[in-house]
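Subject: Structure for your review

Dear colleague,

Please find below the structure I promised to hand over. My findings are set out after it.

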Amino acid sequence: MNSNSLLFAFGAITFLVTFSWFKYAAMEVFKNELDSNSPNQGVWSKLFKVFLVDWLVCIAGVLGTGVLFVTVFNMAH
């Protein structure tokens, strides 16, 4: 594994760890919303939409952060 691939992986991991902290906070807010809602009106559709958005954000973030780390590394050398 060359340095660019390793750095890309570190960038991807950095994004995923940071994003997971934000998701934890969002889940706490969503739990409160679930508790206050009446009999689960559209909860599953909302959860599915959140899943799709999070999935797209993770894909773009992992690729973007990985490329950013490699670009900065290559510019510094």
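The notes that follow go from the overall fold to individual residues.

Please bear in mind that this is a predicted model.

Overall fold

The protein chain has two helices and zero strands. Its C-alpha atoms fill a box of roughly 60 × 20 × 20 Å along the principal axes. The radius of gyration of the protein chain is 17 Å, whereas a compact globule of 77 residues would have one near 11 Å. Of contacts between residues at least 6 apart in sequence, 82% join residues at least 24 apart.

Surface and burial

Buried residues account for 17% of the 77 residues in the protein chain. The chain exposes about 6000 Å², and carbon and sulfur atoms supply 74% of that area. A nonpolar surface patch of about 710 Å² is formed by Phe48, Phe51, Leu52, Trp55, Leu56, Ile59 and Leu63. One of these residues, Leu56, lies in helix α2, which covers residues 43-76. Leu56 has a relative accessible area of 53%, and it is classed as exposed because this value is over the 50% cut-off.

The salt bridge

The structure holds one salt bridge. Its partners are Lys23 and Asp54, with the closest N and O atoms 2.7 Å apart. The pair links distant parts of the chain, since Lys23 belongs to helix α1 and Asp54 to helix α2, 31 residues apart. In general, side chains of opposite charge can pair when their charged atoms come close. Asp54 has a relative accessible area of 17%, which is under the 20% cut-off, so Asp54 counts as buried.

Aromatic pairs

There are two aromatic pairs in the count. In one of them, the ring centres of Phe15 and Phe19 are 5.6 Å apart and the ring planes lie at 15°, so the pair is stacked. Phe15 and Phe19 are four residues apart in helix α1 (residues 3-36), and are therefore separated by about one helical turn. Both Phe15 and Phe19 are buried.

Thr65 and its contacts

Which residues does Thr65 contact, leaving aside its neighbours within four places in sequence? They are Gly11 and Phe15. Thr65 itself lies in helix α2. At 17% relative accessibility, Thr65 counts as buried.

Yours sincerely

Note on methods
Residues numbered from 1 in each chain as written. Predicted model: local features only at pLDDT ≥ 70, side-chain atom pairs only at ≥ 80, totals over all residues. Heavy atoms only, no water. Patch = residues over 30% accessible without salt bridge, like charges linked within 9 Å, V, L, I, M, F, W, Y side chains within 5 Å. Areas by Shrake-Rupley, 256 points an atom, 1.4 Å probe, with all protein chains shown as cover. Salt bridge = Lys/Arg side-chain N within 4 Å of Asp/Glu carboxyl O. Buried < 20%, exposed > 50% of the residue type's maximum accessible area, 1.4 Å probe, protein only. Phe/Tyr/Trp six-rings, centres within 6.5 Å; stacked < 30°, edge-to-face > 60°. Contact = heavy atoms within 4.5 Å. Rg over C-alpha atoms; globule rule 2.2 N^0.38 Å.
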